[in-house]
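Please keep the sequence and the model in view while reading.

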Amino acid sequence: MRFEDNPLDIFFQKLPMSTALFDQQMILRRANPTWLSYITGISQAAIEPGAYFYDLLPGTEHALQPLIDSTLMGKLSAEDGLRLSSSGNVFYWDAAFVPWIE
């Protein structure tokens, strides 16, 4: 993924934590290299802008949708050690879903 080289884009790309931005329809708009490498290791879907969140992480709806719904209502949603399972992989997330307001 390539984005303009403005200060926000540079900061986003250099974050050491996994970070991705999805729109209200849960379509991937951008992701940093850390998130991309992590998801590539557990997902068999094409990981690129325009991908649907649950196509990237099928089977996680029951655990993640309540957090996502809360975020879409404008609230910060966070959970430590959230157990997820997708495509035969079990993994744990310290997850934070934050509404992005331009």
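Helices (H or I, at least four residues) and strands (E, at least two) are DSSP runs, numbered from the N terminus. By that definition the protein chain has four helices and four strands. This is a predicted model, in which local features need pLDDT of at least 70, side-chain atom pairs count only at pLDDT 80 or more, and totals for chains, interfaces and linings use all residues. Residues are numbered from 1 along each chain as its sequence is written, and side-chain values use heavy atoms, with hydrogens and water left out.

**Fold and dimensions**

- Read from the N terminus, the order of elements in the protein chain is α-β-β-α-α-α-β-β.
- The protein chain is as compact as a globular protein of its length, because its radius of gyration is 13 Å, close to the 13 Å that the globule rule gives for 102 residues. The radius is taken over C-alpha atoms, and the rule is 2.2 Å times the number of residues to the power 0.38.
- Along the principal axes, a box of roughly 35 × 30 × 25 Å holds the C-alpha atoms of the protein chain.
- Counting contacts (heavy atoms within 4.5 Å) between residues at least 6 apart in sequence, 33% join residues at least 24 apart.

**Burial and surface**

- Buried means under 20% relative accessible area, exposed over 50%, and partly exposed in between (1.4 Å probe, protein chains only).
- Of the 102 residues in the protein chain, 35% are buried.
- The protein chain exposes about 6500 Å², and 56% of that comes from carbon and sulfur atoms. Areas come from the Shrake-Rupley method with a 1.4 Å probe; for residues, only the protein chains shown count as cover.

**Salt bridge**

- The whole structure contains one salt bridge, defined as a side-chain nitrogen of Lys or Arg within 4 Å of a carboxyl oxygen of Asp or Glu.
- Asp23 and Arg29 form it through their side chains, at 2.6 Å from N to O.
- Asp23 is buried, at 19% relative accessibility, whereas Arg29 is partly exposed, at 45%.

- Most residues other than glycine have a negative phi.
- Met26 has a phi near 65 degrees and sits in the loop between strand 1 (20-22) and strand 2 (28-31). Met26 is buried, with a relative accessible area of 10%.
- Ser87, also not a glycine, has a positive phi of about 50 degrees. Ser87 lies in the loop joining strand 3 (77-86) and strand 4 (89-97), and is partly exposed at 36%.
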